[in-house]
Amino acid sequence: MSDTATPTPLAAPKIGFVSLGCPKALTDSELILTQLSAEGYATSKTFQGADLVIVNTCGFIDDAVKESLDTIGEALAENGRVIVTGCLGAKAGEDGGNLVRQVHPKVLAVTGPHATQEVMDAVHLHVPKPHDPFIDLVPPAGIKLTPRHYAYLKISEGCNHRCTFCIIPSMRGDLVSRPIGDVLTEAQRLFEGGVKELLVVSQDTSAYGVDVKYRTGFWNGAPVKTRMLDLVAKLGEIAKPFGAWVRLHYVYPYPHVDEILPLMAEGLVLPYLDVPFQHAHPDVLRRMKRPASGERNLERIQAWRAACPELVVRSTFIAGFPGETEAEFQMLLDFVQEAQIDRAGCFAYSPVEGATANDLPGALPDEVREERRARFMAAAEAVSTARLTRRVGATLQVLVDRAPAMGRKGGVGRSYADAPEIDGTVLIQPPSKASKTMKVGEFARVRVVGTSGHDLIGELV
Ligand code: SF4
């Protein structure tokens, strides 16, 4: 070898990464992975092949806690050098100390959620930064864990509500809205990076800006208020030249949400609202201490549909909350029918350690909770199926998620009515002509020819 030969660069240290939990945790993972990559760390697909493993945990329900603790145990057994971050990292154990440290005293560091810098500090301590970071190798949109064509945009952290069944505020703290300029810049970057569908997430999207008193921020040199309406309008404007979708999650039925519906009717953002109602009876909502529990939800949904007939409403509910009477539950069944909820999920109430609802009187036996959940789902599915069936014959714009052989073998996509991972899909049949193709991450026009469970069946037009 001559003296002038290029020296072989030292192999980049490898970090293993496991991301558990909700879309908000996923965006934390993306921030950490982006930072790791920017600093020149590589990722490892196996625990054994890594110099260190980061586990981003979830601490919401008992099953998630167990899954997180098991994953940490596995990473410790197979690798031994583990940093823990995420919601479970902020949770106290029985003696008031840190739960993760109590169960797994050998972990190198533990942080709570949205702690990119703390995680990076711990990484630097245990696996020093590579000397020459290849910053240019990071794609403009950062590192994303979702497919390239859709992305979650987190607009705030924490929550000002205190729902009695939930411990998120004790883990994530009160609402902190991200500066509107930062949020819009991130959206622009994601669209420029090829994202065709932006999913806005937070604990309460309708509360955006409350903590900063709707402060005026700046984007592209122009003033813009830190407020849901302004945010949604701007996101719609930014998405337009890219032909991309903007979808809103975790919206509560406050009166000011009415202002968003005209934007949906004019096509600026998708006519889709994910509103976690949880129940319909005012007394149960009060016991749950739900946001907007005093609102007349049925009337509100009817007014929304009048303003935007295309609107799709998805929601989640809890059956068998402490003290729920048969009459209260019946009102929930009536609500899902009268409100014509397009997509509904339902949990049988399950006590979460540390939640104040555990102290409420009237806990129901497991069988009653489960039986009510099943009755609810039967009622909700009947509504959902009827609403899906009405789409047969319509032509829809569909975002293609899967298309083997350029779609010649058919594919799977979603219309505006389907959020990824939680709703149904559009099953696209193999085209009759070989010249008709489709590509993942692109839009296709699909005529609906039938339904199958929660999905539509369609053919390319
Ligand atoms: S709105 Fe209620 S359920 Fe949602 S995070 Fe806040 S306290 Fe929890």
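This is a predicted model: local features need pLDDT of at least 70, side-chain atom pairs count only at pLDDT 80 or more; totals for chains, interfaces and linings use all residues.
Leaving aside residues up to four places away in sequence, cysteine 87 touches Thr57, Cys58, Gly59, Pro113, Met171 and Arg172. Cysteine 87 sits in the loop between strand S4 (82-86) and helix H3 (99-103). Its relative accessible area is 8%, so cysteine 87 is buried, the limit being under 20%.

Next, select cysteine 58, one of the contacts of cysteine 87. Look for cysteine 58 in the loop between strand S3 (52-57) and helix H2 (62-78). Cysteine 58 also counts as buried, at 15% relative accessibility. Show its surroundings: apart from residues up to four places away in sequence, cysteine 58 touches Leu20, Gly21, Ala64, Val65, Ser68, Cys87 and Leu88.

Cysteine 22 is partly exposed, with a relative accessible area of 29%. The structure holds zero disulfides. For cysteine 22, the nearest cysteine sulfur is that of cysteine 58, 6.1 Å away; a disulfide would need the two sulfur atoms within 2.5 Å.

Move on to the ligand. Around the ligand you will find Cys159, His161, Cys163, Phe165, Cys166, Ile168, Pro169, Gln203, Tyr252 and Arg290. By residue type, this shell divides into seven nonpolar, two polar and one charged. Within the shell, pick out cysteine 159, which counts as buried at 10% relative accessibility.

The next stop is the largest nonpolar core, which has 60 residues. Select Leu248, Leu273, Ile341 and Phe376, the members that touch the most other members. Then color helix H7 (residues 228-239), which gives the most to this core, with seven residues.

Zoom in on leucine 273. Residues up to four places away in sequence aside, leucine 273 touches Leu248, Val251, Val257, Leu261, Met264, Trp304, Leu311, Val312, Val313 and Arg314.

To finish, select Leu20, Ala50, Leu76 and Val84. They are among the members of a second, separate core of 18 residues.

Methods:
Residues are numbered from 1 along each chain as its sequence is written. Side-chain values use heavy atoms; hydrogens and water are left out. A residue is near a molecule or strand if one of its heavy atoms lies within 4 Å of it. Ala, Val, Leu, Ile, Met, Phe, Trp, Tyr, Cys and Pro count as nonpolar, Asp, Glu, Lys and Arg as charged, and the others, Gly among them, as polar. Buried means under 20% relative accessible area, exposed over 50%, partly exposed in between (1.4 Å probe, protein chains only). A nonpolar core is a set of buried Ala, Val, Leu, Ile, Met, Phe, Trp, Tyr and Cys residues joined through side-chain atoms within 4.5 Å. Helices (H or I, at least four residues) and strands (E, at least two) are DSSP runs, numbered from the N terminus. Contact means heavy atoms within 4.5 Å.
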